[in-house]
Amino acid sequence: MDGLMTEATAGLVASIASRAESVLPEGNAAARSTPVVQIEAESLATGDTEDQHHPTVCMFAANDTPEEDNTGTWTVCGGGNHTFLWSSDGRQLYGCGTNGDGELALGEGSALRWTRVELPDGCGVAVRKVVCGWSHTLMLTRDGRVYAAGSGSFGQLGTSDLLSTRRKHEAGGWAQLVGTEEVGFTDIACGLRHSLMLAVDGSVYACGANRKGQLGHVAMEARVPSLVCVSRGLPPIAMVACGRAHSILVAADRMTVFAAGDDRYAQCGPASDPQPETCAWRSFRLPRRARKVCAGWEFGAVLMDPLSMDDSRRGGGSVAMWGRADHGQMGINVDPPASCTRDLVELPLEDVVDLACGSNHAVAVTRAGEVYAWGWNEHGNVGDASLRDVDRPRRIVFAGAEDTQASAIGCGYGNTFVIR
């Protein structure tokens, strides 16, 4: 759900150990991911299928503990019911959650703990980014190749048919997207059942579901199983993000935003300038330069430069959002009360260094390592055990933890992960 995911810079804490014998011995470095909850709890890597309403330490499968890496950082990203975790050098990739369509690129069966995922055969380079849809996964390698796993029933794998890689590869695994061999890519994003890929020249390619026009072209059929360029007529693009059935692009100037697809909850933003008839992209301008763009199912979010140049020199930014608001997704009370807002809403958060979106909740981390979450909380996914929605950014507290600073955050559709 994220565009241009940043890799937080901080060493990972060693003590993942308290709940599993399979963790690294004391004194070694390991990733400690703290989930706050799920749609299906398999995607939490806690060893069971129970919801977690408080921060809970994740576990690695026996014989699958990470290699020691005292200098690296880790990144986490999830989707419908599956999650991936990878090291800064891109050579260690782990997955957990549902694998019914092969979305974990594993063999048979789901994974209740972090389980090592093999890189594609002949892939001598490292993972740069992994993104997840409802039941499909895209992986971008450091050399600009894109691989897919999972369900392709809507064409979201870009493999030129409507099959899943489980059918194509009985033992699971990755398939390189057809047509990407000669095109280098720098970013990827997954919607519920569609996919976006950003090429090195700033053009955007897409495949998958298009019933709501989320691929940016009104003339296309409802399912597009092969990669097509969807940014013709647009300036070079720098960031991409996908919602449930809408797409968001940020131009290279980092201030011009293009959106297409379902707009029932104003998730395409304060756009009033439709592009030419051959495409459905609408545009609007941000008040300050974007550093990252994200999308929930029916809302958009952007991490921007701060109001003050003094703050900009310190490194942190500010957050603005638009779209669906009936679960507190906007982080403030919308005035007048409404189910959505087309106006850009700036949150009362300062010095933010990263931002992530679930289906209807969002999470931010500040330069000081403080984690804030807000929005839909039916499963406790913003860290509030009352299970009531949270309409203001609320800090997640790690009870009994000596180190409460986070180095990275990530979201699945109904869960939150924090790496400390």
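**Notebook: cores, a pocket and salt bridges**

I started with Cys 132, which sits in strand E7, residues 127-132. I kept in mind that this is a predicted model. Cys 132 has 0% relative accessibility, so I put it down as buried. I then looked across to Leu 104: it is 28 residues away along the chain, and the two C-alpha atoms are 9.6 Å apart.

Lys 129 pairs with Asp 187, with 2.7 Å from N to O. Lys 129 belongs to strand E7 and Asp 187 to strand E11 (residues 185-190), so this pair ties together parts 58 residues apart in sequence. Are these two partners buried or exposed? Both Lys 129 and Asp 187 are buried.

Next I checked Asp 263 and Arg 282, whose closest N and O atoms are 2.5 Å apart in a salt bridge. Asp 263 is in the loop between strand E17 (256-261) and strand E18 (273-274), while Arg 282 is in strand E19 (residues 282-285), so parts 19 residues apart in sequence are tied together. Asp 263 is partly exposed, at 22% relative accessible area.

Arg 395 lies in strand E27 (residues 390-395) and Glu 370 in the loop between E25 and E26, so the bridge ties together parts 25 residues apart in sequence. Arg 395 is partly exposed at 38%, and Glu 370 is partly exposed at 24%. I also noted one network, in which salt bridges with shared partners join Arg 244, Glu 298, Arg 324 and Asp 326.

Arg 244 turned up again at the largest pocket, where it is among the residues nearest the centre, along with Leu 192, Arg 211, Lys 212 and Ala 245. This pocket holds about 370 Å³ of space and has 19 lining residues. Which classes make up the lining? I noted 9 charged, 7 nonpolar and 3 polar residues.

Then I turned to the nonpolar cores. The largest has 31 residues, and those with the most contacts inside it include Val 319, Met 321, Trp 374 and Ile 409. Among the elements giving two or more residues to this core are strand E22 (318-324), strand E26 (371-375) and strand E28 (408-412). A second, separate core has 17 residues, including Ala 189, Val 224, Ala 251 and Trp 281.

My last stop was Phe 417 in strand E29, residues 415-419. Phe 417 counts as buried because its relative accessibility is 0%. Gly 78 is 339 residues from Phe 417 in sequence, with 9.0 Å between their C-alpha atoms.

Note on methods:
Residues numbered from 1 in each chain as written. Predicted model: local features only at pLDDT ≥ 70, side-chain atom pairs only at ≥ 80, totals over all residues. Heavy atoms only, no water. Helix = DSSP H or I, 4+ residues; strand = E, 2+ residues; numbered from the N terminus. Buried < 20%, exposed > 50% of the residue type's maximum accessible area, 1.4 Å probe, protein only. 1 Å grid on protein atoms, 1.4 Å probe; cavity = no way out; pocket = protein on both sides within 12 Å on 5 of 7 lines; lining within 4 Å. Points joined across faces, edges and corners; volume = space filled by probe spheres on them. Nonpolar A, V, L, I, M, F, W, Y, C, P; charged D, E, K, R; others polar. Core = buried A, V, L, I, M, F, W, Y, C linked by side-chain atoms within 4.5 Å. Salt bridge = Lys/Arg side-chain N within 4 Å of Asp/Glu carboxyl O.
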